[in-house]
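Here is a walk through one protein model, written for someone who has not seen it before. The account starts with a matter of terms and then moves from the pocket to the fold and to single residues.

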Amino acid sequence: LLLDVHRKHSCAKKETVGQHDENNDNAEKEEANEQEEVIDKKDDNEEVAQALYKLGHLYVTKSDYTTALTKLEQAMSLLGDDDVVSFLSQQRTCCTQSPSFLTTKNKLRIQLLKSASDYYLQLSDTKSSLSMKSNLLVLQKQLFGNHHVCVASTYRCMSAVHMMVKKYEKARYCREEEVKIWRFIVKELLLQKEQDTITTTTTTKEEEEEGGVEDKGFIIKHPKGMTNHLGIGNVADARKALSCVLHDLGSLFENSLYEYEKAVTCYEEALVVEVSMLEELEKKKTKQETNKDASSEEQEFKTLSMKMRETKRKIGGVHYKKGDFSMALMTSFHDSVGSSSSSQPKSVLK
């Protein structure tokens with residue numbers, strides 16, 4: 001009886017799965033027909049390019065990356081190079097919270113280049129994939145400037161591809177560019193934070209002199225759009241990203257290029273960043289109002305402390321590889337920030 005029930009259940013399940021697959025196939029065919037109709041009309045280049053992009057994605061679901069790339073190439077040729085307006089140039093005339101400079105056409109350009117790079121990678125064509133990434137990098141720099149999160153992300157992707165094909169020097173260059181961007185972002189955010197504090201204090205004093213401030217929680221903020229060129233507004237998140245990238249670069253120097261001194265410098269800079277994050281957390285802990293907030297901060301404090309111990313062990317590990325055993329012991333277990341304070345990067349210190 002149990003076997004009979006199991007057989008019936010299995011048959012019903014197979015029928016359901018088969019019906020679901022058939023429904024998916026029909027839906028994909030309908031969508032493909034809709035996109036083909038848009039392409040055949042040829043009314044608007046942007047609409048046709050969008051339809052080609054969607055059609056290419058449908059081919060990817062069938063693992064037909066070659067045809068998908070053909071569709072993407074057709075879409076890119078339709079868009080051309082016009083209407084690429086720099087955010088920085090537009091910011092001079094108008095500060096807006098939403099990136100109005102990022103038109104539908106520019107968004108589509110970015111999507112096409114990202115997708116084309118990924119599809120080439122699926123076909124193991126790393127050269128073409130990197131070519132698409134390079135084009136994407138040029139476009140992003142035109143749109144967002146040189147120090148934006150998305151530019152750092154593209155450098156990171158390019159580095160990963162170079163690592164796949166063991167081109168470590170090129171991977172190094174991309175990682176170093178990524179580090180430069182995150183250093184700049186951290187520095188800018190810290191500067192802005194300082195300016196916000198000064199502005200808030202000054203304004204509060206002026207209003208108190210004029211007759212007091214009704215809203216005790218009043219905070220002065222920068223004009224809208226002032227930080228859009230960075231792509232991030234949180235100092236803690238920027239520091240975490242910088243620490244992560246420095247660890248990656250240090251690992252590249254240590255395990256692939258065997259440049260141990262540079263690996264130590266990267267790990268020590270990461271440790272400086274982590275120490276500054278820990279100091280910021282300690283300040284927050286004294287200002288907690290609820291037990292829930294305190295618990296969350298305590299967990300973050302523990303995680304960061306573990307991260308710092310790991311960084312110290314990495315520094316000690318590199319000294320061990322160099323044969324400097326006393327320095328390896330000292331840096332692995334000592335409470336100081338780093339073994340060579342002269343190499344600490346002043347650009348990330350606060």
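In what follows, Ala, Val, Leu, Ile, Met, Phe, Trp, Tyr, Cys and Pro count as nonpolar, Asp, Glu, Lys and Arg count as charged, and the others, Gly among them, count as polar. The model is predicted. With these classes, the lining of the largest pocket divides into 6 nonpolar, 4 polar and 9 charged residues.

The space in this largest pocket comes to about 480 Å³. Its lining consists of 19 residues, and those closest to the centre are Ala236, Asp237, Lys240, Met277 and Glu300. Among the contributors, H9 gives the most, with 7 residues.

The chain has 350 residues, and buried residues make up 36% of them. Taking contacts between residues at least 6 apart in sequence, 66% join residues at least 24 apart.

In soluble globular proteins, nonpolar side chains tend to be buried together. The largest nonpolar core in this model has 73 residues, and Trp182 and Ile185 have the most contacts inside it. H10 supplies the largest share of this core, 11 residues. What does Trp182 touch, not counting residues up to four places away in sequence? The list is Val149, Ala152, Ile232, Ala238, Ala241, Leu242 and Val245.

Ala152, one of the residues that Trp182 touches, is also one of the buried residues of H7. Helix H7 covers residues 149-164, 16 residues in total, and reaches 23 Å from its first C-alpha to its last. That is close to the 22 Å expected at 1.5 Å a residue. The buried residues in H7 are Cys150, Val151, Ala152, Thr154, Tyr155, Met158, Ser159, Val161 and His162. An α-helix has 3.6 residues a turn, so residues three or four places apart point the same way. Tyr155, Met158 and His162 are among the buried residues of this helix.

Just after H7 comes Lys166, with a positive phi of about 60°. Lys166 is a residue other than glycine, and it lies in the loop between H7 and helix H8 (168-210). Is Lys166 buried or exposed? Its relative accessibility is 60%, so Lys166 counts as exposed. Tyr258 also has a positive phi, about 55°, although it is not a glycine. Tyr258 lies in the loop between H9 and H10, and with a relative accessible area of 55% Tyr258 is exposed.

Ser117 lies in helix H5, residues 104-122. Because its relative accessibility is 1%, Ser117 counts as buried. Leaving out residues up to four places away in sequence, Ser117 touches Ser129, Met132 and Lys133. Asn135 lies in helix H6, residues 126-144. At 38% relative accessibility, Asn135 counts as partly exposed, because that class covers values between the 20% limit for buried and the 50% limit for exposed. Asn135 and Ile110 are 25 residues apart in sequence, and their C-alpha atoms are 9.5 Å apart in space.

How values were computed
Residues numbered from 1 in each chain as written. Predicted model: local features only at pLDDT ≥ 70, side-chain atom pairs only at ≥ 80, totals over all residues. Heavy atoms only, no water. 1 Å grid on protein atoms, 1.4 Å probe; cavity = no way out; pocket = protein on both sides within 12 Å on 5 of 7 lines; lining within 4 Å. Points joined across faces, edges and corners; volume = space filled by probe spheres on them. Helix = DSSP H or I, 4+ residues; strand = E, 2+ residues; numbered from the N terminus. Buried < 20%, exposed > 50% of the residue type's maximum accessible area, 1.4 Å probe, protein only. Contact = heavy atoms within 4.5 Å. Expected span 1.5 Å × (residues − 1). Core = buried A, V, L, I, M, F, W, Y, C linked by side-chain atoms within 4.5 Å.
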